[in-house]
Amino acid sequence: MTQIVKIKGMNKYFGKLHVLKDIDLTVEQGEVVVIIGASGSGKSTLIRCVNGLEEFESGTLEVDNHPLAPKGGNQKALAEIRKEVGMVFQQFNLFPHLTVRKNIMLAPMKVKNAAQVVANATAERLLNRVGIGNQADKYPSQLSGGQQQRVAIARALAMEPRLMLFDEPTSALDPEMIGEVLDVMRELAKEGMTMIVVTHEMGFAREVADRVIYIHEGQIVEEGKPADVFDNPQNERTQSFLSRVLAH
Amino acid sequence: MEFQFQFDWQAAIDSIPYLAKGIPYTLLISFGGLLIGFVLGIIFGLLSINKKWFLRWPATAYIEVFRGTPILVQVLFIFYGLPDLIGGPIDPLTAGIAAIALNSGAYISEVVRGGVQSIDKGQTEAGLSLGLSRSQTFWSIIWPQAFRRMIPPLGNQGIVSIKDTSLFSVIGVGELVRQGQVYIANTFTAFEVYFVVAIMYLAITLSLSLILRLLERRGLASV
């Protein structure tokens, strides 16, 4: 099996705050890894390190054989990594001045020099895939939150990523729209996309994840198959976290 | 004795052709200056938010100096002072355009800085995460959004600069106020002439407001 992500002994500080402590994590191709943990535990920071949106202070990080150096070193590798890694944000971060179609076409045309017709065909195919083929010429503000997030997923997929990062993709959505976004993610997972997902959707984690990782105060304290982590957590902090989030 | 003043409509109307000769100068100085000022504003505005201190500091110094000193002093300095330095005269028109350019450039730098900084950090992150370079992210994602937000304050600056050109009568540019002063010296109809001068400024600034409002409405419809 190919390892897409290899992280060893990674440490990250925000000033004096030690936000990630000796993180070791490998992700295999085709694997869906779900990271859970309380807010402020460092789970978002961890996946933001994977595509260099955050720098780390020590340790090693390799994405698809491109080694990223601490403190923002190795910009060449970073550029390669970002071409191969898609990211979906909590706040969607669609480009409000561009139509949905142009949102998706931008990166393939700018980064891969794709011809306009090709990029356009890709955009339409992906929009159909996420179920909003008829919204291509609207602006993001004209769509619902769930639709916007699906556009964001399509936008990331347009770069044909080898790995997708999801940073709490449903946390900013109204409850009735969470399902449509999770459905798209579930489909992606089924098709074999490698994914690292930070989420509070425990049902999704249990159903879709190959592996669940629990982070507490910047440390991976528990890791395993969803059934093991959810039904038989070994660490008492995992137990208390799960009892809090699963109680309702 | 009863004091009576009558607005002399005929005098006002008679002054129009002479005063109108000043309009091209007023327009040339303000719009020529503003155009250069806009370029300066983009350059220094972006430099002022650069991470590198040796780019940021000179830009900040420029902004503070030209925002912090009166434009009248600036134009007098350029017109009367600079010739000593460069060893030759500067024509009043050039001095006027330069003063508007440098002065509006400083204010527009701040407009540019504010516009760019007002765009959510998530936009940059989305661009970078898609593989776009920093400059691609800036010019295709951040700048178009920032520019739309800059239109109202840019309009403000345009109006201020148009009115600032009236000060340049002191260096003898034949702009609106200067034309008025010369005309009044012969006819002693100060009230009527300055009234017409004011109307002419108003016509120019209102046209600009109108154009900007249309531009803004078209641009903002999509955001």
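Predicted model: local features only at pLDDT ≥ 70, side-chain atom pairs only at ≥ 80, totals over all residues.
Let's start with the contact itself. Chain B puts in 19 residues, and chain A puts in 22 residues. How much area do chain B and chain A bury between them? About 1,800 Å², with 62% of it on carbon and sulfur atoms.

Now the polar side of the story. Six residue pairs are in polar contact between chain B and chain A, counting pairs with both residues at pLDDT 80 or more. The salt bridge count between the two chains is one. Which residues form it? Arg48(A) pairs with Glu125(B), and their closest N and O atoms sit 2.7 Å apart.

Stay on chain B for a moment. The largest share, seven residues, comes from α6(B). By class, this side of chain B has seven nonpolar, nine polar and three charged residues.

Next, the annotation. An unreviewed UniProt entry lists residues 25-49, 61-82 and 193-215 of chain B under "transmembrane region". Let's check two of those spans in the model. Residues 25-49 of chain B are 92% helix and 0% strand. The end C-alpha atoms of that span lie 35 Å apart. Residues 193-215 of chain B are 100% helix, again with 0% strand. There, the end C-alpha atoms lie 33 Å apart.

That's the tour. Questions, please.

Methods: Residues numbered from 1 in each chain as written. Chains lettered and ligands numbered in written order. Heavy atoms only, no water. Contact = heavy atoms within 4.5 Å. Buried area = accessible area lost by both parts, 1.4 Å probe. Salt bridge = Lys/Arg side-chain N within 4 Å of Asp/Glu carboxyl O. Polar contact = N/O pair within 3.5 Å; in protein donor to acceptor, adjacent residues only side chain to side chain. Helix = DSSP H or I, 4+ residues; strand = E, 2+ residues; numbered from the N terminus. Nonpolar A, V, L, I, M, F, W, Y, C, P; charged D, E, K, R; others polar. UniProt positions renumbered as here; feature names shortened; annotations may be inferred.
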